[in-house]
Amino acid sequence: MAFGSKLPGHTAQAGFFVFNSCPRCKVEDLFEQGRTKRLEKEAPLALRMRPRTLDEFVGQEHILAPGKLLRRMIEADRISSLILYGPPGTGKSALGSVIAHTTQAHFEHLNAVTAGVDDIRRIIKEAKERSSLSGRKTILFIDEIHRFNKLQQDALLPDVEEGTVILIGDTTQNPFFTVVSALISRSQIFQLSPLEPEHLETILQRALSDPQRGLGRFRVKMYPEALGHLIKVADGDARIALNALEIGTLTTPPDGEGLIHFTLAVAEESIQKKAVVYDRDGDAHYDTISAFIKSMRGSDPDATLYWLAKMVYAGEDPRFIARRIVIAAAEDVSNADPQALVVANAALQISEFIGMPEAQIPLAQAAVYIACAPKSNASCAGLLAAMKDIKEGRTLEVPRHLRDSHYPGAKKLGHGVGYKYPHAYPGQFVKQEYLPEKRVYYQPRDSGFEKEIKARLEKIRQQSDANSPALPKEDSSSSVKT
């Protein structure tokens, strides 16, 4: 939501409340400031409690502790183009508010959901005029910059490069995937983390005690178990915690003495379901499935079930999960336990057939089976090695005796001539050349069933033609033509 005049030199943006008056609109400024103060009081608690200074900012010590680069940049008012990246409610917009209150530069704020190229061009035009008239810099803060398409992002490039505007973008998406590389190369990237429980407690207690911007004008008795519940369910998101605190406070009738009892029951009603950070197109999605796969590979069934539960809770497509279980069965278990692929494939078929919520049970069975099974990546490693040889080396020709011989004239070309049919030999094996050069790709491990495969393969590789006499010629023929 943006409000304020579009007159040059005069901006007012929700959450930042920055004004730059011009001679022609002093009356409008006074009216707008009064309107902004009224809206500020009516704004949600999470917006009202945004920090105005670095001393008010809570959390993100890895980038804002004394001596850290971003803090030094803000304190010195030497901001360069930044991209702030992290989950919701971790302080990205709050940092914008801090910069807006501390910088001597002109501050503009856009939301990528509602802004367009025309808004960018207007701001850049005004920034050029401002720079030429007074030498004053312009900071452009863009909420959810990942929602700008490539054309909109490209429209920023020349002026960010020339320093016409200093860009600050915030995003919940990995900027290396969602922001054009040219903007990435011109910006400092700072990643914000979910807030710790002690950070959320500080923020909530501050909101309860602040009579101006917070809920200090109410008499609230916060029960420890209620506060703990809000902190736990908010899961590092300050906005969720503050919204729940405000809802619970405003909707709970006070007792006869005017005291609002914020009990566990009130907390549970105010924040009914934990909002798991899990965007199907974002980092949480890929990071969680990565942790799931690596937990199965690492033979940790407990971690496997935790990451599976997170995906199920967040509403992940069961077929997506099942496909990853099938891949893990083939890549990480393979012939150490051939039954693993059968179990995984069954879970895939069942998930497609019955869907959720029932599909979560066979998915859990298959995932635990993979996690507990003996491991071998020998098949996958052998394939990758062979593909590397094909990509980088000389392509080997198919030996003549292995070539297709079912068509007329094949024997005249020597195709299929000299081929030895293994089933016509004792043990269904006969030594013959299958590659024109000696190559070893499959190296089975001493794990599970593959240990037996390894012993058999070593025996086969040690055999020679002398130890594998052919049967009579008439018996060695086959109905198989190739």
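Student: Which residues does R324 touch, not counting residues up to four places away in sequence?
Tutor: The model is predicted. R324 is found in helix α16 and is partly exposed, with a relative accessible area of 26%. R324 and I289 are 35 residues apart in sequence, yet their C-alpha atoms are 8.2 Å apart in space. With residues up to four places away left out, R324 touches I289, I293 and M296.

Student: How far apart are the closest N and O atoms in the salt bridge of R186 with E161?
Tutor: R186 sits in the loop between α9 (181-185) and β5 (188-191), while E161 belongs to helix α7 (residues 150-162), so this pair ties together parts that are 25 residues apart in sequence. R186 is partly exposed at 34% relative accessible area, and E161 counts as partly exposed at 49%. The closest N and O atoms of R186 and E161 are separated by 2.4 Å.

Student: How many salt bridges does a search of the whole structure find?
Tutor: The pairs already discussed include E75 with R71 and R186 with E161. Salt bridges that share partners also join R52, E56, D210 and R213 into one network. The search of the whole structure finds 20.

Student: Which element gives the most residues to the largest nonpolar core?
Tutor: This core has 27 residues, and those that touch the most other members are L45, L204, M222, L230, L242, L245 and F262. Two or more residues come from each of α2 (45-48), α10 (197-209), α11 (224-234), α12 (238-251) and α13 (264-270). With six residues, the element that gives the most is α11.

Student: Which residues does L242 touch, not counting residues up to four places away in sequence?
Tutor: L242 is one of the buried residues of α12. It is also among the core residues that touch the most other members. Leaving out residues up to four places away in sequence, L242 touches L45, A46, M49, I203, L204 and A207.

Student: What covers the buried residues of α12?
Tutor: α12 has 14 residues and spans 20 Å from its first C-alpha to its last, close to the 20 Å expected. Its buried residues are A238, A241, L242, A244, L245, E246, G248 and T249. The cover includes α2, α10, β6 (220-222), α11, β7 (260-262) and α13.

Student: Which residues are in contact with S447, leaving aside its neighbours within four places in sequence?
Tutor: S447 is placed in the loop between α19 (378-392) and α20 (450-462). Its relative accessible area is 15%, under the 20% cut-off, so S447 is buried. Apart from neighbours within four places in sequence, the residues in contact with S447 are A336, P374 and K375.

Student: Which residues make the nonpolar surface patch of about 310 Å²?
Tutor: One member is found in helix α17 (residues 339-354), namely I350. The patch is made by I350, F353 and I354.

Student: What percentage of the 482 residues in the protein is buried?
Tutor: The protein has 20 helices and seven strands. Of the contacts with a separation of 6 or more, 71% are between residues 24 or more positions apart. The protein exposes about 26,200 Å², and carbon and sulfur atoms supply 54% of that area. Buried residues make up 43%.

Definitions and conventions: Residues are numbered from 1 along each chain as its sequence is written. This is a predicted model: local features need pLDDT of at least 70, side-chain atom pairs count only at pLDDT 80 or more; totals for chains, interfaces and linings use all residues. Side-chain values use heavy atoms; hydrogens and water are left out. Patches are made of residues with over 30% relative accessible area and no salt bridge: like charges are joined within 9 Å, nonpolar side chains (Val, Leu, Ile, Met, Phe, Trp, Tyr) within 5 Å. Accessible areas come from the Shrake-Rupley method with a 1.4 Å probe; for residues, only the protein chains shown count as cover. A salt bridge is a side-chain nitrogen of Lys or Arg within 4 Å of a carboxyl oxygen of Asp or Glu. Helices (H or I, at least four residues) and strands (E, at least two) are DSSP runs, numbered from the N terminus. Buried means under 20% relative accessible area, exposed over 50%, partly exposed in between (1.4 Å probe, protein chains only). Contact means heavy atoms within 4.5 Å. A nonpolar core is a set of buried Ala, Val, Leu, Ile, Met, Phe, Trp, Tyr and Cys residues joined through side-chain atoms within 4.5 Å. The expected span of a helix is 1.5 Å times one less than its number of residues.
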